[in-house]
Amino acid sequence: MNEQIVARHWLALIAPKAAPALATSTVLILARIWNVNGAEHSVGNAVLMTALSLAAAAAGACASVGRAGDPVIAGTAFAASGGLALAGVAGYADGMSLPLLLWVLATAIAYGLAARYWRQDRRTRVSYERHVSERREEHAHIERVETIRGTAQIEVARTGAAYAESLAQALTARAMLPGFDPAALETAGLPELPTTERKSA
């Protein structure tokens with residue numbers, strides 16, 4: 001059985017691994033640009049970012065509670081809350097030490113959460129590949145068995161046809177022998193050729 005070979009580009013392979021770092025770095029860079037443009041020590045901007053962060057956290061908590069909680073929505077809301085908190089601190093602070101510390105923490109937390117989904121995705125992929133491999137081996141075994149059975153049937157039919165042809169030639173040659181006496185065969189208890197076949201031969 002032929003498999004389709006798909007070669008993925010190296011960017012497609014590393015993009016999921018780099019996504020958390022890219023997300024937190026983007027938030028940090030935009031927050032520092034916002035800091036330069038007037039957010040530094042702005043109480044109104046700090047209050048706004050705090051309110052947005054708390055609202056996102058509350059939305060994540062609401063999405064995660066209850067029997068019908070959606071983990072995807074909850075995770076997205078909590079990630080937005082953390083990003084807003086990071087952006088607020090990085091935009092309000094006057095130095096780079098605290099924003100960089102928060103960036104490192106946010107990136108580590110993002111990778112910790114993403115690793116859980118990556119492990120689950122890897123387990124699912126390995127299980128699927130194992131299932132496909134088992135089905136492929138099973139089908140290949142059935143195909144080999146049927147091929148052997150069909151070949152055996154063809155050989156049996158070919159052998160039977162060759163035997164029938166040899167028998168017909170032997171009977172015809174026996175009937176053509178000089179001094180052939182069908183009555184002697186019948187007396188001896190041997191099979192004799194049918195009269196119609198002997199006459200036609």
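How accessible is Lys17, and is Lys17 buried, partly exposed or exposed? With a relative accessibility of 42%, Lys17 falls in the partly exposed class. The classes are simple: buried is under 20% relative accessible area, exposed is over 50%, and partly exposed is what lies in between (1.4 Å probe, protein chains only). Everything here comes from a predicted model, where local features need pLDDT of at least 70 and side-chain atom pairs count only at pLDDT 80 or more, while totals for chains, interfaces and linings use all residues. Residues are numbered from 1 along each chain as its sequence is written, and side-chain values use heavy atoms, with hydrogens and water left out.

As for the overall layout, the protein has 6 helices and 0 strands, and reading along the sequence gives α-α-α-α-α-α. Helices (H or I, at least four residues) and strands (E, at least two) are DSSP runs, numbered from the N terminus. Of the 201 residues in the protein, 14% are buried.

Back to Lys17, which sits in helix H1 (residues 10–39). A patch takes residues with over 30% relative accessible area and no salt bridge, joining like charges within 9 Å and nonpolar side chains (Val, Leu, Ile, Met, Phe, Trp, Tyr) within 5 Å. The accessible areas come from the Shrake-Rupley method with a 1.4 Å probe, and for residues only the protein chains shown count as cover.

Ile29, found in helix H1, makes a nonpolar surface patch of about 300 Å² together with Leu30 and Ile33. Thr26 also belongs to helix H1 and is partly exposed at 42% relative accessibility. In space, Thr26 lies 9.8 Å from Ala87, C-alpha to C-alpha, although the two are 61 residues apart in sequence.

Now for H4 itself. H4 runs to 80 residues and spans 115 Å from its first C-alpha to its last, close to the 118 Å expected at 1.5 Å a residue. That expected span is 1.5 Å times one less than the number of residues in the helix. Buried positions in H4 include Pro99, Thr107, Ala114 and Ala175.

Then there are the salt bridges, each a side-chain nitrogen of Lys or Arg within 4 Å of a carboxyl oxygen of Asp or Glu. The count by this rule is 3 salt bridges. Arg125 pairs with Asp121, with 3.4 Å between the closest N and O atoms. These two residues are separated by about one helical turn because they sit 4 residues apart in helix H4. Arg125 is partly exposed at 41% relative accessible area, and Asp121 is partly exposed at 47%.

Glu146 and Arg149 also meet in a salt bridge, at 3.0 Å from N to O. Being 3 residues apart in helix H4, Glu146 and Arg149 are about one helical turn from each other. Glu146 counts as partly exposed at 43% relative accessibility, and Arg149 counts as partly exposed at 44%. For Arg158 and Glu155, the closest N and O atoms of the salt bridge are 2.9 Å apart. Both residues lie in helix H4, 3 residues apart, or about one turn of the helix. Glu155 is partly exposed, with 37% relative accessibility.

Helix H3 (residues 71–92) has 22 residues and reaches 31 Å from its first C-alpha to its last, close to the expected 32 Å at 1.5 Å a residue. Its buried residues are Ala74, Ala77, Ser81, Leu86, Ala87, Gly88, Ala90 and Gly91. Val72, also placed in helix H3, is exposed, with a relative accessible area of 58%. Val72 and Gly60 are 12 residues apart in sequence, with 9.5 Å between their C-alpha atoms. Ala46 belongs to helix H2 (residues 43–64) and is partly exposed at 22% relative accessibility. Ala46 and Tyr92 are 46 residues apart in sequence but 6.5 Å apart in space, C-alpha to C-alpha.
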